[in-house]
Amino acid sequence: MSLALETCALTRCFGEVQAVEQLDLAVHGPGVFGFLGANGAGKTTTIRMLVGLLRPTSGELRLLDQSPETNALLVRRRLGYLPQDPAFHPWMSGEEYLLHIGDLFGLARKEARRRAHELLERCGLEKPAWRRRVAGWSGGMKQRLGIAQALMNRPELIILDEPVSALDPLGRIDVLELVESLGREVTVFMSSHILADIERVCEEVAILDHGKLLVHEKTASLKRRAVRPTIELVVRGDTVALAKALATAPWVERLEPLEAPAEGTSGLRLKVRELAEAQLALPKAVVEHGLGLVSMSPATPSLEDVFISLIDRNSAVPTTEEVGA
Amino acid sequence: MTGFLPFCRKELLEQIRTHRLLVLAVAFLLVGLGSPLIAKATPDLVSRFAQDDLGGMELVIVRDPGVREALLQYHKNFAMLPLLVILLNVGAIALEKSRRIAPMALVKPVSRRAYLLAKAAVPALLTLGGTLLSASGCLLYTTVLFGEVDAAGFALANALLFLVLLFYLALSLFGSVIAPGVASAAGVGIGGFALVSIAGALPGLDDYTPAGLLSGVADLILGRATAHLGAGALVTGLATVALLIAAQQVLSRQEL
């Protein structure tokens, strides 16, 4: 795996505000890397520094084993970039815009046209729209054109800033599938605040909060490590007494009521310290309280759970040892 | 200067698609063809007014127009074209920056210098075309209506007028680079135009400013002494280059 992107103590200040603080990242390719954070976390500032639109206040960065400062043209030739809100010359058609981008990369007209048509199709833009002025296009269509222009030069590293933010649910699925397929060949660095999207396509993720890197890890191991196992329990009868008893059990970290799935039933969601111990003790406790067990299922933590758990300032991130994974 | 030709091709297409080329051509043609016509029609118009009840106004005697009046009218009308050049070009970069179009192009393997120079070269070429169109129209109509024109002197006058327009083009591009938006860029362009005009009216300084050069062209047409014309042209040329260099320096350091 080659090192596609590396930052070392990357920092950017706007006056007194530190938008990005001492960011250390190393992204290996190929694959899809998720760059996650709430709005204002510093994702776009980081990306704008990566592509050379902003200068870092301090720190270093390398793209594709090159310094973008000293080898700017060389790096940009191998780079694809989609900004958060891609904007185009409104008087141009989508096809013309891609031909212009091809021209900037020095592609021959014929090759540029062939590549433009291939990408317009691949990005889900229908043929009748290709020659219409971009001014009349929807936000989703512009986003797709933005992705197409980022791929015009067959880049080795693609940096996408919120690539699906303007798309409807079906459009999102299309584009995420495209991102996933690109990730098999090249490195895709994708920022988003939509956790489900990142979870769907990214094997590795970094989470940024207030400009600081909270975590950088494989998505699967992060989900295992950063969130306590959860059990959803549904019983026939009332859980009030059971909840009181479980609250003092050493293997229970937190419990909360669960919306009853059917009449006459009630439920609890338990965050547990030891899944195996809980799976043994829970049925026993249900029987002891004279309740009928309807279901008991371990819930898989989502990246959203991880994100909330990490961002929540009151909850410290449990270490691997703590979780016992 | 990686990217200069692709940017030029895009600029040319933009000038056509956004009708800026049409506006430019019509304006220059109107100045060229209209000036001799206005000179020709002025005595008729004035005498028609004189026949009416002037309500106590004094009678104005207008001499018969000739080549001189036609060319002076041309100069007077041409003096409005710097404003058109400013208005057509002041948003060239500011608009692309504020709409976030420029960053998408400037992360490609191109230089910012090529981007700026294409923004200057294409309008400069079109302005040259406009000046030629305007001068040809004026030359043709003046010859038809009033008689032969000193072609060499007229050519020199137009070369100097073109240089003045280049200066205002550079000024508008400089404004477009340093301003964050189109409105502020227009403020820089028009404010700059006003300042240059004021400087051109200051004794001692007048001969060495683009506005002074513009006035000097009138002297050239009238056949008066034009000792400072060379200095005015040199200063205007240097100021044009200086503005473009300054714009390039600012743009190369600008965060987008």
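What percentage of the 325 residues of chain A count as buried? In this predicted model, the share of buried residues in chain A comes to 50%. The secondary structure of this chain consists of 13 helices and 13 strands, and its C-alpha atoms fill a box of roughly 80 × 45 × 35 Å along the principal axes. When contacts in chain A with a separation of 6 or more are considered, 70% of them are accounted for by residues 24 or more positions apart. The accessible surface of chain A amounts to about 15100 Å², and carbon and sulfur atoms contribute 51% of that area. Chain A carries 38 positive and 43 negative charges, whose mean positions are 6 Å apart.

Chain B presents a secondary structure of 11 helices and 0 strands, so that its pattern, read along the sequence, is α-α-α-α-α-α-α-α-α-α-α. The box filled by its C-alpha atoms, again taken along the principal axes, is roughly 65 × 40 × 40 Å. Of the 256 residues in chain B, 48% count as buried, and among its contacts between residues at least 6 apart in sequence, 81% join residues at least 24 apart. Its accessible surface is about 11800 Å², with 70% belonging to carbon and sulfur atoms. The charged side chains of chain B comprise 18 positive and 15 negative ones, and the centres of these two sets lie 18 Å apart.

Within chain B, helix α9 spans residues 182–201, and its 20 residues reach 29 Å from the first C-alpha to the last, a distance close to the 28 Å expected at 1.5 Å a residue. The buried residues of α9(B) are B:Ala185, B:Ala186, B:Gly189, B:Gly192, B:Phe193, B:Val196, B:Ala199 and B:Gly200. These residues lie on the same side of α9(B) because they cover an arc of only 165° around the axis. An α-helix has 3.6 residues a turn, and therefore residues three or four places apart point the same way.

When residues up to four places away in sequence are not counted, B:Gln15 touches B:Arg20, B:Leu21, B:Asn89, B:Val122, B:Pro123 and B:Leu126.

In chain A, a corresponding analysis was made for helix α12, which covers residues 303–311 and in which A:Leu303, A:Val306, A:Phe307, A:Ser309 and A:Leu310 are buried. The arc that these residues cover around the axis is only 165°, which places them on the same side of α12(A).

Several backbone features of chain A were also examined. A cis peptide bond, with omega at about -5°, joins A:Gly29 and A:Pro30, and A:Pro30 lies in the loop between strands β2 (17–29) and β3 (31–37) of this chain. A:Ala9, although not a glycine, has a positive phi of about 50°, and this residue is found in strand β1 of chain A, which covers residues 2–14. A positive phi, near 50°, is likewise found at A:Arg154, a residue other than glycine. The place of A:Arg154 is in the loop between helix α6 (139–151) and strand β6 (157–161) of chain A, and with a relative accessible area of 46% this arginine is partly exposed.

Another arginine of chain A, A:Arg224, is found in helix α9 of that chain, which covers residues 219–226. With a relative accessible area of 55%, A:Arg224 is exposed, since the cut-off for this class is over 50%. A:Arg224 and A:Thr187 are separated by 37 residues in sequence, and the distance between them in space, C-alpha to C-alpha, is 25 Å.

How values were computed:
Residues are numbered from 1 along each chain as its sequence is written. Chains are lettered from A and ligands numbered from 1 in the order in which they are written. Side-chain values use heavy atoms; hydrogens and water are left out. Helices (H or I, at least four residues) and strands (E, at least two) are DSSP runs, numbered from the N terminus. Buried means under 20% relative accessible area, exposed over 50%, partly exposed in between (1.4 Å probe, protein chains only). Contact means heavy atoms within 4.5 Å. Accessible areas come from the Shrake-Rupley method with a 1.4 Å probe; for residues, only the protein chains shown count as cover. Lys and Arg count as positive and Asp and Glu as negative; His and the chain ends are not counted. The place of a charge is taken as NZ of Lys, CZ of Arg, CG of Asp or CD of Glu. The expected span of a helix is 1.5 Å times one less than its number of residues. The arc is that of the directions from the helix axis to the C-beta atoms.
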